[in-house]
Amino acid sequence: MIDQLPALQVVVPLVCAAVCVLLRSAFAAWLLFTVAAVASLVTAVVLTVLVRDGETIGYDMGGWPAPVGIELVVDQANAVVLLLLGVIAVIVASYGRRSIEAEIRPRRVRMFYAALCMLLTGLMGIAVTGDAFNLFVFLEISSLSSYALIALGRRRRALLAAFQYLVIGTVGGTFLLIGVGLAFAVTGTLNMTDLADRLPALEGNRAVTGSVVFIFVGLAIKMAVFPLHAWLPGAYSEAPSVVSVVLAAVGTKVAIYAFARFAFTVFGIDVVFTDLPIGQAILVVGSLAMLAGAAVACFQQDFKRLLAWSSIGQVGMIVTGIGLATAGGVSAAYLHIINHAIIKGALFAAAGILLLNLGSTSLDSMAGLGRRMPLTFGAVVIGGLGLIGVPPTAGFASKWALAAALVEDDQWLILAILLASSLLAMVYVGRVIEVAWFRSPAGVDAAPSPAAEHAAAAANPGTVRVREGTPLLMAAPVALLAVASVYFGIDASLPSGLADGAARVLTGGGLP
Amino acid sequence: MIATHYTYWIIFALMMIGLYAVMSHGNLVKKLIGLNVFQVAVFMFFISLGRVDEGSPPIITEGIEVYSHPLPHVLILTAIVVGVATTSVGVALAIRIFEAYGTVEEDDALARDVAEEAAE
């Protein structure tokens with residue numbers, strides 16, 4: 001059983017997706033998704049424990065030994081990603097039932113869960129595979145299901161956002177395919193370990209250079225690194241809340257993992273960072289992303305769109321850590337992958353609760369609701385502080401780690417940019433907090449009695465009406481994520497242990 | 001260079017044509033057509049990689065020593081499936097967009113959203 005775990009990680013959600021399509025009831029589909037999510041989390045936990053001392057678990061699909069067959073590989077570098085995926089899947093399973101009920105038409109619900117299972121399958125597959133072509137296939141599985149899921153957003157704009165993402169995403173996926181093809185052309189293999197063995201001998205080969213560039217540009221589109229981020233704000237803000245949570249928490253992170261895997265273990269540090277200026281290029285785009293993402297976020301009128309732009313800035317921060325190509329930088333990047341997933345997961349989930357209660361996520365509609373929905377807006381404040389990097393939140397721990405890695409590498413300019421982006425984060429988070437806590441609610445006088453408010457709302461249907469009570473199944477995951485983001489800020493030993501392990505495996509201990 | 005690698009030149013020309021169509025057209029269906037041309041060019045690139053000089057099709061036959069490489073064909077079979085799935089999702093979205101906006105021109109659809117927002 002233990003031997004089969006890497007395969008089960010992908011197979012369980014895949015089978016659940018197929019069964020979801022056959023089911024007639026929405027409740028059964030939800031139950032099945034929950035089963036898939038819990039199974040994924042349990043599998044990921046067991047795998048993480050198994051590889052905690054730096055072991056590598058290989059699994060030959062269908063009994064065909066690598067490099068002929070497709071190999072699944074689990075080590076510390078991807079066990080973290082699997083764990084994160086499992087946690088977010090369980091969070092979504094709990095959070096999603098009521099949220100999906102409210103946002104999706106009843107007859108589409110079971111197909112929605114099927115697509116969600118496929119998304120999970122694709123993301124898990126990218127994380128677990130040890131085969132370059134297989135990675136492309138899983139990338140497309142996750143992308144296709146996310147296009148369909150985004151298109152189910154409540155406004156018609158979601159359709160355009162999904163289409164734009166489809167076009168850009170397919171170009172990105174095809175770029176990855178070209179890159180894999182070029183690498184295959186010069187090495188004759190698709191297995192990542194095998195590629196890593198054969199590529200160093202080809203140093204300076206033009207096809208290898210082309211392969212590196214195509215793969216990295218392709219993945220950069222999926223990661224939404226700054227100049228290639230155009231699909232992200234629309235996709236995140238128009239998608240149904242549940243989908244926003246998954247995509248924002250883990251969607252781009254998995255592509256970042258794939259990027260790190262290709263950069264450090266497949267092509268190797270010599271080819272990518274010494275011979276080619278990929279490292280410098282990443283630092284430049286990462287710095288631009290930090291500034292641009294945070295700056296544009298300051299001008300958004302919609303809470304989800306604001307969070308989406310903030311994600312672009314935070315992705316810039318993560319890739320900057322990878323671009324440093326030092327053990328400290330990669331570890332900081334991984335730490336921020338974990339922390340940002342928790343923080344953004346909490347924030348987008350809170351946005352979903354707002355949508356359920358207010359019917360809108362525009363900042364205007366949130367005016368003065370802090371006191372009336374203290375739990376939700378408490379989570380928003382904690383998450384926001386995490387985005388700025390205020391101690392003692394998890395965001396501080398990872399920003400500190402990244403700053404330390406930058407100082408170690410004498411990158412003072414980038415350190416200044418990191419600080420500037422944190423200041424900008426203070427502006428956009430400050431706006432949200434100001435609107436929610438310090439403004440009087442729209443359409444009603446300050447501190448009205450419930451009866452008066454009800455009368456006002458009845459007299460004027462345009463005013464915001466606050467429905468009391470958020471379902472426990474929705475509130476609990478948000479609270480859990482918010483608490484986790486504070487806990488990991490105070491005691492960072494678990495995430496930083498995982499991040500250090502991942503960095504050790506990726507950089508092979510050969511870096512300072 | 002051009003004479004010996006002419007297949008690659010043709011394929012890359014095709015890729016660029018596809019990519020240009022994706023970027024230059026505002027019509028969603030034309031974008032999908034461009035995307036398809038781009039993808040098919042990449043498929044052809046893979047298949048051309050599998051060719052071995054003097055090689056025969058990879059079916060074991062007596063008296064034949066050299067075979068073409070079958071792996072790229074198999075890979076592209078998978079990639080074609082991915083391409084078909086992408087196209088069908090894209091076309092389905094284009095239909096839904098037409099139903100919702102009454103146009104498949106991206107700029108018109110965006111303009112209608114802006115107009116709607118201004119009207120609110």
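## A buried isoleucine

I97(B) has 22 C-beta neighbours inside 10 Å, so it counts as buried. The cut-offs here: buried takes 20 or more other C-beta atoms within 10 Å of a residue's own, exposed takes 12 or fewer, and partly exposed sits in between, with C-beta atoms placed from the backbone. The residue is part of helix α3 of chain B. Helices are DSSP runs of H or I with at least four residues, strands are runs of E with at least two, and both are numbered from the N terminus.

For A109(B), 12 residues away along the chain, the C-alpha to C-alpha separation from I97(B) is 8.3 Å.

## What you're looking at

This is a predicted model, where local features need pLDDT of at least 70 and side-chain atom pairs count only at pLDDT 80 or more, while totals for chains, interfaces and linings use all residues. Residues are numbered from 1 along each chain as its sequence is written, and chains are lettered from A and ligands numbered from 1 in the order in which they are written.

The scores are ipTM 0.93 and pTM 0.91. Chain B averages a pLDDT of 88, with 98% of its residues at 70 or above; pLDDT is the predictor's per-residue confidence, from 0 to 100.

## Chain B overall

Chain B has 4 helices and 0 strands, running α-α-α-α along the sequence. Its radius of gyration is 21 Å, well over the 14 Å that the globule rule gives for 120 residues, so chain B is more spread out than a compact globule. That radius is taken over C-alpha atoms, and the rule is 2.2 Å times the number of residues to the power 0.38.

The C-alpha trace spans about 75 × 30 × 15 Å along its principal axes. Of the 120 residues, 25% count as buried. Take the chain B contacts between residues at least 6 apart in sequence, and 40% of them join residues at least 24 apart.

## Where B meets A

The contact draws 26 residues from chain B and 23 residues from chain A. On the chain B side, α2 (28-49), α3 (71-101) and α4 (106-119) each supply at least two residues, and α3(B) gives the most, with 14 residues.

How values were computed
Two residues are in contact if their C-beta atoms, placed from the backbone, lie within 7 Å.
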